[in-house]
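Work through the exercises below with the sequence and the model at hand, and compare each step with the worked solution that follows it.

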Amino acid sequence: MNKLYDWIVIGGGITGAALSYELAKVGFSVLLLEQNSILSGATRFGYGGISYWTGTSELTRQLSIEGIERHRQLPQELDADIEFRELDLLLTIDADRNPAEILAQYANCYIAPKLLSTQDACELEPLLNPDAIAGAIQFRHAHIKPPLLVSAYLNALVQLGGEIVCETVVKLDRVGHKIVGVTTQQQAYRSANTVVCAGGLSRSLLKASGISSRIYFTHAELIETEPTDLELRTMVMPADTKRCQLEADASKATIDPLWDEVGHELLPSSVDVGAIQFRDRTMKLGQLSRVLTDPNVLPDATQSENEIRAKARQVLPKLADLKGTWYHCLVAFSHDGLPLVGALPDLEQIYLFSGFTSPLVYVPPLALRFAREFTQSSAFASNAIVSQLSPQRFGI
Ligand SMILES: Cc1cc2nc3c(=O)[nH]c(=O)nc-3n(C[C@H](O)[C@H](O)[C@H](O)COP(=O)(O)OP(=O)(O)OC[C@H]3O[C@@H](n4cnc5c(N)ncnc54)[C@H](O)[C@@H]3O)c2cc1C
C-alpha cells in the first residue's frame, strides 16, 4: 500500500522549498514533487532582492519585519552561504517625470525613502546614465542568490527526513470534497494534505483538476550576462514599475475567464529596466513582462533580447551590450499584489501557497507561520495574518 504523507508539496521553487522545510521542521512527513531535476522556474532567474522596506499596511509591515529577520537567521539555521548581503536599492526616475510625484508613491512605506538628485544617484551608482534620469529613490535593501536559498532549504528538508521526487504532477486526486493526493506521470501518491506551490503553472494545474482560483502569471524575460569586470554597486530598478500596473489590469475579475483560454495577449508587454550583480560577477538584466494566457508559449527570443537591450541602453548604457543569454520564465501573481496562502474554497485538504510577485521578503516568514498553524501545540498567533491572505478573499 502507498505511504500516506502528512503533506505533499507541488513545486520546488522558493515557495515549495521554504514551505516543505518548515512543514518538516515542525514534524510532518513531507513529499516534495518537482518536475525538473535542475532549478528552472522563476526562482532560478529572480534578482534576489529582499524589499523589506516595502510594507504599507499593518499586514505587510509585520511580514516585512519578520521577513528580513528570518533572512538574517537563515544562513546560520540552514548552515549555508546564500550570499546574503545588505546593499542600496536605487529606483530610477525617468528624466521626463516629476521626482516629487514619484516619491509620493512611496510615502506609506514603513521605512522612509530617500530622494536623491541625479548627481547623487550617479555618484552612488556610476553605471547610471545621468541624462536618462531625473533622480532616484534610495532604500536600504537586502540581497541573496535565490537558487542557493532553495538548495539550502532542500538540503535541510532531506536532513529532516523529507523526500524529494522529480516527477510532474498531472492532477490532484479527489474523493468527494477531499483531495487525497496527486497523480504524477509515473504514479499516485497519497497525503493527508496537499499544497500547490507551482508558481506560474499553479493555475493550469488546478484547472486540470477542475479547480478555479484567481491566480495568474506573467511571462518574464531577462538577460543573464557572462561574468564582467564592470561593477554594479547597487541594485537598480525603475521607481514607476510598469509590471505592477500590468498585473493589476490583467487580473480584473471581468477578464478572469479569458485566462482559461489559450492564445490571448491581454495587454501590451512592458519593460522595466533593472539590474543586479552577483558574487560570481554575472549580472541579470531585465525585465520584459508579457501577459500571454498560454503558459507554454515561448516569446521570440531575438526580438525580446533586442527590446531589453534597447531599454537598458538608455538607463545603464555600459550594461546593454554585455555578452549574455536570454531567458524566459513564468511569475505568478494575484490581483491585489498579496500572495494566495491558505485553503481553497469548497474543498478539503488542499491549499495554495503561491502568487507571490516578489516573494523573497514574504515567503520565509509565511512558510513558518503556515507550518506552525498546522501544529496542535503552536503558541504562534498566526491566524490573523494567514487568514488575510486566503485565496477565498476573491470569492472563488
Ligand atoms: C527577472 C526577475 C527578477 C525578479 N526579482 C525579484 C526580486 O528581486 N525579489 C523577489 O522577491 N522576487 C523577484 N522575482 C520574482 C521571483 O523570482 C518569483 O516570484 C519566485 O521565484 C517564484 O517562486 P515560485 O516558487 O512561486 O515559482 P517557481 O520558482 O517558478 O517554482 C515553481 C516550481 O513548480 C514546478 N512545477 C510547476 N508545475 C509542476 C507540476 N505539475 N509538477 C511538479 N512541479 C511543478 C516548476 O518546475 C517550478 O520549479 C523576480 C523574477 C524575475 C523573473
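**Exercise 1.** Determine in which helix Ala 18 is found, and decide whether Ala 18 counts as buried or exposed.

Solution. Ala 18 is found in helix H1, where helices (H or I, at least four residues) and strands (E, at least two) are DSSP runs, numbered from the N terminus. Ala 18 counts as buried because its relative accessibility is 0%; buried means under 20% relative accessible area, exposed over 50%, and partly exposed in between, with a 1.4 Å probe and protein chains only. The C-alpha atoms of Ala 18 and Leu 154 are separated by 8.1 Å, although the two residues are 136 residues apart along the chain.

This is a predicted model, in which local features need pLDDT of at least 70 and side-chain atom pairs count only at pLDDT 80 or more, while totals for chains, interfaces and linings use all residues. Residues are numbered from 1 along each chain as its sequence is written, and side-chain values use heavy atoms, with hydrogens and water left out.

**Exercise 2.** Describe the span of H1 and how many of its residues are buried.

Solution. H1 covers residues 14–25, and its twelve residues reach 16 Å from the first C-alpha to the last, close to the 16 Å expected at 1.5 Å a residue; the expected span is 1.5 Å times one less than the number of residues. Eleven of the twelve residues are buried, including Ile 14, Thr 15, Gly 16 and Leu 19. Just after H1, Gly 27 takes a positive phi of about 105°.

**Exercise 3.** Which residues are closest to the ligand, and which polar contacts can be listed for Thr 15, Asn 36 and Thr 357?

Solution. The ligand is surrounded by 35 residues, of which the closest are Thr 15, Glu 34, Thr 43, Gly 49 and Leu 360; a residue is near a molecule if one of its heavy atoms lies within 4 Å of it. A polar side-chain atom of Thr 15 lies 2.7 Å from an oxygen atom of the ligand, an N or O atom in the side chain of Asn 36 is 3.3 Å from a ligand oxygen, and a backbone N or O atom of Thr 357 lies 3.4 Å from a ligand oxygen. The protein covers 94% of the 1,000 Å² of accessible area that the ligand has on its own, by the Shrake-Rupley method with a 1.4 Å probe. Two or more residues of the shell come from each of H1, strand E2 (30–34), helix H2 (42–45) and strand E15 (324–333), and H2 gives the largest share, three residues.

**Exercise 4.** Locate the cis peptide bond that ends at Gln 287, and the positive phi values of Arg 281 and Gln 349.

Solution. Most residues other than glycine have a negative phi, and most peptide bonds are trans. The bond from Gly 286 to Gln 287 is cis, with omega near -5°, and Gln 287 is found in strand E14 (residues 283–290). Arg 281 has a positive phi near 75° and lies in the loop between strand E13 (270–277) and E14; Arg 281 is partly exposed because its relative accessible area is 31%. Gln 349 has a positive phi of about 70° in the loop between strand E16 (340–343) and strand E17 (350–354), and Gln 349 counts as partly exposed because its relative accessibility is 22%.

Technical notes
A polar contact is a pair of N or O atoms within 3.5 Å; within protein, one must be able to donate a hydrogen and the other to accept it, and residues adjacent in sequence count only if both atoms are side-chain atoms.
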